[in-house]
Amino acid sequence: MSGSVILVTGGSGLVGKAINEIVLEEKSKGNKEYENENWIFLSSKDGDLRERTATEAIFDKHQPTHVIHLAAMVGGLFHNMEHNLDFFRENMAINDNVLNASHKYDVKKVVSCLSTCIFPDKTTYPIDESMVHNGPPHSSNYGYSYAKRMIDVLNRGYWQQHGRRFTSVVPCNVFGPHDNFSSTAHVLPALVRRMHAAMQSGESEFVVWGSGKPLRQFIYSRDLARLFVWVLRHYDSVDPLILSVDESDEVSISQAAEAIAAAFDFQGKIVYDTTRADGQYKKTASNKKLRELCPEFTFTPFTTAVKETVEWFKVNHESARL
Ligand code: NAP
Ligand code: GDP
């Protein structure tokens with residue numbers, strides 16, 4: 001891809017920062033694949049992608065040949081439950097603007113981001129790429145889910161009407177350094193922030209929301225970043241591709257909480273607030289297609305990735321998104 005200009009929307013977020021770090025690492029190692037590539041990482045300060053004119057101004061300025069489209073309104077279960085309308089409208093606007101500008105400015109390839117939480121709630125397991133539109137998503141996050149599903153509709157439309165190679169990937173739950181650790185966060189960063197506070201104030205009890213029984217597949221942001229770059233270079237279908245750890249790596253929320261407690265060396269008791277929602281019980285996804293296409297890829301073990309994230313948070317909590 002020598003001579004390419006790769007524009008990463010949402011470049012200041014969890015996944016965008018991880019891609020940025022991987023690109024810098026590979027460039028500093030002298031990896032020839034990255035030679036003469038210009039990677040541009042955007043944040044909302046570069047322009048509000050909900051606005052068509054601002055979006056087109058960004059494309060006009062950078063003239064990208066490739067786009068990794070990450071920018072989105074993103075949040076954990078509890079933020080979704082209260083803002084379904086906003087999740088739908090904001091993400092629909094961002095996605096329509098980014099894909100339409102990509103078409104207008106003749107971008108060769110776009111890789112956008114869906115999520116395993118957008119699949120039908122009532123389904124058979126494991127979930128695979130063919131099931132995106134098979135039935136209603138879980139009621140807790142229908143706004144985000146339907147907006148994400150429409151990316152696939154747009155991709156097919158741009159392919160059928162204009163021959164555009166716009167595709168999507170479907171990550172499972174992501175976590176890592178530079179995450180959103182605020183009150184709107186997903187479960188892992190929310191628990192890391194609260195556990196850090198509990199350690200500092202010497203609490204003997206740590207409260208996890210919900211029953212702790214739901215199951216999740218978690219991917220480390222640095223692993224996802226490497227897979228994103230691989231998809232950009234080597235995956236040429238318009239059909240979505242699930243980017244997840246193996247089904248056997250699925251853990252319960254209580255196992256995730258225990259891994260965080262171990263990383264902090266928290267000696268107290270973990271208790272569960274069952275008055276809080278559990279959300280979707282599970283969304284077990286198959287990575288069979290990824291494994292066939294990219295058999296050599298190895299994932300960072302969950303406990304190692306949790307430890308690295310906790311260490312990052314301990315050092316960076318004052319500048320982290322809280
Ligand atoms: P994140 O950390 O919340 O980052 C969101 C990014 O989008 C930030 O760079 C933010 O810019 C940008 N953004 C938001 N609204 C914008 C707007 N109106 N105009 C321009 N930029 C805007 O999100 P993430 O976790 O990295 O997620 C990246 C992608 O992965 C998203 O598409 C998400 O749906 C998907 N995904 C995430 C997970 C997960 O567990 N986190 C799981 C599956 C899929 P600022 O920094 O300037 O605000
Ligand atoms: P999801 O995977 O899309 O459902 O979203 P989350 O990353 O927010 O995970 C939600 C699951 O974690 C639910 O089972 C919640 O009950 C549980 N959970 C436990 N504690 C927390 C917390 O502090 N914040 C969030 N967001 N979820 C929590």
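Biologist: What makes C294 count as buried in this model?

Modeller: C294 has a relative accessibility of 3%. Buried means under 20% relative accessible area, exposed over 50% and partly exposed in between (1.4 Å probe, protein chains only), so C294 is buried. Keep in mind that this is a predicted model, where local features need pLDDT of at least 70 and side-chain atom pairs count only at pLDDT 80 or more, while totals for chains, interfaces and linings use all residues. Residues are numbered from 1 along each chain as its sequence is written, chains are lettered from A and ligands numbered from 1 in written order, and side-chain values use heavy atoms, without hydrogens and water.

Biologist: And C117, buried or exposed?

Modeller: Buried, because its relative accessible area is 10%.

Biologist: How do you know how many disulfides the structure holds?

Modeller: A disulfide is a pair of cysteine sulfur atoms within 2.5 Å. The closest cysteine sulfur to that of C117 belongs to C113 and is 10 Å away, so this pair is too far apart for a bond. C294 is in no disulfide either, with its nearest cysteine sulfur, in C172, 15 Å away. The total for the structure is zero.

Biologist: Why is Y146 called partly exposed?

Modeller: Its relative accessibility is 31%, which puts Y146 in the middle class. Y146 sits in helix α5, residues 142–162. Helices (H or I, at least four residues) and strands (E, at least two) are DSSP runs, numbered from the N terminus.

Biologist: Let's turn to ligand 2. Which residues come nearest to it?

Modeller: L77, R194, R216, A277 and D278, out of 19 around ligand 2. A residue is near if one of its heavy atoms lies within 4 Å. Helix α6 (187–200) is among the elements giving two or more residues to this shell, and α6 has the largest share, four residues.
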